[in-house]
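Hello,

Here is the structure I promised to pass on to you.

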Amino acid sequence: LSIILEVVKEMLCFRENFEQLQLRFYQLNRLLEKSMPDLWHHFQQQGLETHMFASQWFLTLFSAKFPLFLVFRVLDVFMLQGTETIFQVSLALLMMVKKELLSQDFEGIMKYFRVNIPKKLRSEEHAKQLMKTVVSIKIRKLAKYEKEWRQKQEEERLAEDPVTRVERENKKLIADNMRLERENDMLAQQLLTRQITMRSEIDKLEAMNANLEK
């Protein structure tokens, strides 16, 4: 119950036009720029924005694509440290596959995030190695990056015509809602598939147990 409450608390931070979520993307982008500048430059050259690969990480705490044994480890650290854990896991994932990502174009990178990274972490050994990297990463300057982001937001707001700003914000809100609705549909389908798989595995284990008892 405590894990669920903490996760819900974190998800509530992303309300109000997803402003808090946009802040997290900015912070992750700045952390990536500082820790892995070569990968950051490659993403810039390919036109890849942080939200394109990290939105599900923040919105689901890595539960959408990754195996449960990894998700449980992430939640353990998250309960101890809070939001900082999401940045640590994100950076650790990028470190793990940096070499492969540097050799990919935009489409290849997106496919790699969607397919290859979850597949790579199906092994519990790989998950353990990832978590070792996670706990070794020190997250610094989040407050500084938040200040930068809020200052940029204010500068853009002041420089923009009020009518244009409202129109832009409305368009962005509509686009964000449509994107999140698509992601929610995908997550619901993935959850249903996982439930069916788990039910099938339970049925097999119960049948095996019955045979062993006989």
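A word on burial to begin with: a residue counts as buried under 20% relative accessible area, as exposed over 50% and as partly exposed in between, using a 1.4 Å probe and protein chains only. This is a predicted model, in which local features need pLDDT of at least 70 and side-chain atom pairs count only at pLDDT 80 or more, while totals for chains, interfaces and linings use all residues. Residues are numbered from 1 along each chain as its sequence is written, and side-chain values use heavy atoms, with hydrogens and water left out.

Let's start with Thr50. Its relative accessible area is 9%, so Thr50 is buried. Thr50 sits in the loop between α3 and α4 (helices are DSSP runs of H or I with at least four residues, numbered from the N terminus). Setting aside neighbours within four places in sequence, Thr50 is in contact (heavy atoms within 4.5 Å) with Phe25, Leu28 and Asn29. The side chains of Thr50 and Asn29 are also joined by a polar contact of 3.4 Å; that term stands for a pair of N or O atoms within 3.5 Å, where within protein one must be able to donate a hydrogen and the other to accept it, and residues adjacent in sequence count only if both atoms are side-chain atoms.

Asn29 turns up again where two helices meet. The axes of α2 (residues 19-35) and α3 (residues 37-46) come within 5 Å and cross at roughly 125°. That makes α2 oblique to α3 (under 35 degrees is roughly parallel, over 145 roughly antiparallel, 65 to 115 roughly perpendicular, and the rest oblique). From α2, the contact involves Asn29, Leu32, Glu33, Lys34 and Ser35; from α3, Pro37, Leu39, Trp40, Phe43 and Gln44.

Now for the aromatic rings. Rings of Phe, Tyr and Trp (its six-membered ring) pair if their centres lie within 6.5 Å, and planes under 30 degrees apart count as stacked, over 60 as edge-to-face and the rest as tilted. The count by this rule is nine aromatic pairs. In one of them, Phe53 and Trp57 have ring centres 5.6 Å apart and planes at 65°, so the pair is edge-to-face. Phe53 and Trp57 are four residues apart in helix α4 (residues 51-60), about one helical turn. Phe53 is buried at 7% relative accessible area, and Trp57 is buried at 6%. Phe43, Phe53, Trp57, Phe62, Phe66 and Phe113 form one aromatic cluster.

Enjoy exploring!

How values were computed. Axes fitted to C-alpha atoms, helices over the stretch in contact; angles between N-to-C directions.
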